[in-house]
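Work through the two exercises below with the sequence and the model open. Each task is followed by a solution in steps.

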Amino acid sequence: MANVTASDVREVISSSMPDSYINAIINLVYLRIGGCLSANYNEETANLIVLNLVAYYVDIANGKNQIASETSPNGGSTSYQATTAKGLASNPFGQLVLAFDLSQCYLNMVVRTGGLCVIGPAVGR
């Protein structure tokens with residue numbers, strides 16, 4: 001199976017995180033579910049699942065939708081939708097993983113290992 005690259009991920013989601021961080025997420029996804037994907041899907045479908053799963057984690061790491069409201073002393077304000085705990089269904093990339101992964105490689109991995117975690121402050125904030 002040909003690997004998804006950081007460049008591929010950047011084509012679907014913008015992020016200020018370094019390629020090394022995106023590549024680490026890609027490698028972890030392949031490590032955790034690559035065997036299941038290879039056993040159950042053709043290369044194109046497997047890569048589509050990996051691409052969207054990595055984009056899902058990049059979106060989480062970007063820290064989007066975490067500030068509900070913010071007002072500066074000069075009167076300017078910023079509002080963001082609060083993040084909810086919906087798992088993969090919380091953003092469009094995760095929704096696509098759920099739709100494409102009919103063999104439930106990701107869900108089986110979560111049950112087996114507790115899933116993948118994106119830990120730490122958002123990059124570029």
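S15 sits in the loop between α1 (6-12) and α2; helices are DSSP runs of H or I with at least four residues, numbered from the N terminus. This is a predicted model, in which local features need pLDDT of at least 70 and side-chain atom pairs count only at pLDDT 80 or more, while totals for chains, interfaces and linings use all residues. Residues are numbered from 1 along each chain as its sequence is written, and side-chain values use heavy atoms, leaving out hydrogens and water.

**Exercise 1.** Determine whether S15 is buried or exposed, and which residues it touches.

Step 1. The relative accessible area of S15 is 18%. Buried means under 20%, exposed over 50%, and partly exposed in between (1.4 Å probe, protein chains only), so S15 is buried.

Step 2. Leaving aside residues up to four places away in sequence, S15 touches R10, V58 and N62, where contact means heavy atoms within 4.5 Å.

Step 3. With N62, the side chain of S15 also makes a side-chain polar contact at 2.9 Å. The term covers N or O atoms within 3.5 Å; within protein, one must be able to donate a hydrogen and the other to accept it, and residues adjacent in sequence count only if both atoms are side-chain atoms.

**Exercise 2.** Find the disulfide and describe its two ends.

Step 1. Apply the cut-off, a pair of cysteine sulfur atoms within 2.5 Å. The count is 1 disulfide, joining C36 to C105 with S to S 2.0 Å.

Step 2. C36 lies in helix α2 (residues 19-40) and C105 in helix α5 (residues 105-113), so the pair ties together parts 69 residues apart in sequence.

Step 3. The torsion about the S-S bond of C36 and C105 is about -75°, so the disulfide is left-handed.

Step 4. C36 is partly exposed at 26% relative accessibility, whereas C105 is buried at 2%.

Notes
Helix = DSSP H or I, 4+ residues; strand = E, 2+ residues; numbered from the N terminus.
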